[in-house]
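Please keep the structure open while reading.

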Amino acid sequence: MAADNDASLAKLKQLLVTGSNNVAWNGSHLVRQLVDWFQRDERERHSKLHPVQPPSNEDGSGPRLRDAGPCDSLISCTSVIPKLVEEGKAEVVMDTLRAYSQLPYVDKEALVLCLAVASKQSDQKKLVMDAHSAVRELCTSTHLFFLFIQISKMISKQTGHSGWGRGLRRAVNEWYLSWEPRRLALEVTRHSSAYGWTHRDIIRLAHLKLREMPLGTQVVLHYVFMGLEKTVQEYVGKDNTSELLELIQVLDKDGHPEDGEKSWNVDQVINKVNKLHELYGGLTLDDVPSQSLKSAEVWSHMLDKLEGESAVASVNRMAKANLLNPSSDTNHALSSKLVDRLTHSDHTSGCITPTQVLMALHAYEHPTRYVGDAIGKPFEKKFTKGGASKSPRAPGKIPSKKTTKINPQVVDALHSLISASAKNIEKTSRKLGICVDVRGSMGTSHVWTGNPEGKGEVTGHEGAAVTVLSLTSGGTSPAATTLAFSGNSLAEIKLPEGITLLQLIDKFKETVIGEVNVESALNWAREKEAVTMVILTHKLDQQAISAATQTLQQLNEKNNTHIRLVLCGFGTKHLHTQRTDNFLLVLGFDQRTPSIIRAFHEQHFYR
């Protein structure tokens, strides 16, 4: 029984870290697949069309979820939680969710998925109450809160209940009450909707009693439900509401253009930017009207106030607005200000990852933008004789690529930020070996990635280099050693502090190439007493995976060791493996690939 309990808990932990219940990590995201599938299925049913098919694997290998519908698939994929309850481990579920919510490697959406499933274990009253009381603690944003509501709806539909019982209504009430009024005002205006839900929907369905709430919360929720004008009429002149009403007026001035006319002006946006920075210490790109992001003056006031992730995202938003081309004095000044913002690592790099910056860099260096009337217009689907469908191009309208000048200073700043963000990653204390395949295919072939930004542009060497920088904390971690398959042995690659992505790739290219040899890598790990060995290569096949797992098992049994092996095939898909202790298979490359490997190394999932 103990072994079964350990296996169930290991599966839960893996789901919390990877966001997938697959044995192999391939960048696919179970939560998004299920929710998207459910919403498409709902739309199809409402329009009286045939139900949609189950979602396919990211690698196109066919349906991964083979149940009757998205609700059934949701229950099936999270069956580990009812299993833990059945094994008498109900209290472990919430303890694990709370503990993992503090980890940097946890998948927040998977965490909310498990919380929603736990809240629906109707025969376990204590677990349900504990799950509802943890909604505010674990759903730290509107996005996660609405995801919890959506998944609860999916489960309730499967069980035939409405989903808005007393416990859920209480959890919703506590979620809104737990916010300080000024932060709540920012939250409801920054993220007004997600997953088809709005705050107004939630307030109505949960039957929130505004008159019983504190005055500040009343004002904000009245604004959400009734709008700015009626809220001002209702609360103007009441004690301690003037400052909050003034703030809501500022936050409400996003405006939405109607009939081609913009309802905002530069002064309004700049006033909002300054107010948000004064009150909250930072802002995101969601805090200003998207139309205003075409204004050089707005960007000039925003750049030094943006939070880290928004500062990185600003590169491509500015490029789309043609504000980074060094063709005018205004653009040159903006580019210089952006470069300064990106190179201040103490302000930017602490909250972002090297892979996020790499994807932003590729999206900037390889833009895919088209102009022409043919783009964006739907055409009637026509069927050919053989049954295949075509969407014909509009006659006489041929889309053409829009040329964009790349600013080399911005590119250099992003490369510097990759190095700076890598150094800020917490160093591992467990001994780690990383073996890189330096053969030519790694430098010439593109990795398979499910990320739309930079898709098809990241090479195997770039994927390996950014993974190495992430796992070694930019070369500053004494517990991590980087090796290359060179000749018939392993050659250590020294990483000086501050090494850049391009410098590391050059080191790969300068190394004498050798064949990938899993056995020699594992023997190195045994001799150096390493906890984990990571092998980064381009192509894998089923035979190589089977041989690697067999070699790992034999070595551990023979030497009474517990070495862990991560086998990464950045250009590989369509492969599967059996669940094996101490082994992780990674297919393709994703923004979260290095963090998944790190979580496995730190023993945050599997036994």
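Which residue forms a salt bridge with Glu602, the closest N and O atoms being 3.3 Å apart? The partner is Arg430. A salt bridge here is a side-chain nitrogen of Lys or Arg within 4 Å of a carboxyl oxygen of Asp or Glu. This is a predicted model: local features need pLDDT of at least 70, side-chain atom pairs count only at pLDDT 80 or more, and totals for chains, interfaces and linings use all residues. Residues are numbered from 1 along each chain as its sequence is written, and side-chain values use heavy atoms, with hydrogens and water left out.

- The Arg430–Glu602 pair links distant parts of the chain, 172 residues apart. Arg430 is in the loop between helix 22 (408-423) and strand 7 (432-436). Glu602 is in the segment after helix 28 (593-601). Helices (H or I, at least four residues) and strands (E, at least two) are DSSP runs, numbered from the N terminus.
- Glu602 is buried, with a relative accessible area of 14%. Buried means under 20% relative accessible area, exposed over 50%, and partly exposed in between (1.4 Å probe, protein chains only).
- Arg430 counts as partly exposed because its relative accessibility is 30%.
- Glu602 also forms a salt bridge with Arg598, where the closest N and O atoms are 2.9 Å apart. Arg598 is buried, at 5% relative accessible area.

**Salt bridges elsewhere**

- The count of salt bridges comes to 13.
- Arg98 and Asp130 meet through their side chains in one of them, at 3.1 Å from N to O. Arg98 lies in helix 5 (residues 90-100) and Asp130 in helix 7 (residues 125-133), so this pair ties together parts that are 32 residues apart in sequence.
- At 23% relative accessibility, Arg98 is partly exposed.

**Aromatic pairs**

- The model has eight aromatic pairs. Rings of Phe, Tyr and Trp (its six-membered ring) pair if their centres lie within 6.5 Å; planes under 30 degrees apart count as stacked, over 60 as edge-to-face and the rest as tilted.
- Trp175 and Trp179 pair edge-to-face, with 5.4 Å centre to centre and 65 degrees between the planes.
- Trp175 is buried at 0% relative accessibility. Trp179 is buried at 8%.
- Ring pairs link a cluster of Phe145, Phe146, Trp175, Tyr176 and Trp179.

**Charges over rings**

- Arg136 lies over the face of Trp179, 4.0 Å from the ring centre. The rule asks for NZ of Lys or CZ of Arg within 6 Å of the ring centre and within 35 degrees of the ring normal.
- Arg564 places its charged end over the ring of Phe600, at 4.6 Å from the centre.

**Helix 6**

- Helix 6 (residues 108-118) has 10 of its 11 residues buried, so it is largely enclosed by the rest of the structure.
- Among the buried residues are Glu109, Leu111, Cys114 and Val117.
- Asp107 caps the N-terminal end of helix 6. A side-chain oxygen of Asp107 lies 3.1 Å from the backbone nitrogen of Glu109.

**Ser486**

- Ser486 is in strand 8 (residues 480-486). Its relative accessibility is 13%, so Ser486 counts as buried.
- Ser486 touches Ala491, Thr511, Val512, Ile513 and Gly514, not counting residues up to four places away in sequence. Contact means heavy atoms within 4.5 Å.
- Ser486 and Val436 are 50 residues apart along the chain, and their C-alpha atoms are separated by 9.3 Å.

Methods. A polar contact is a pair of N or O atoms within 3.5 Å; within protein, one must be able to donate a hydrogen and the other to accept it, and residues adjacent in sequence count only if both atoms are side-chain atoms.
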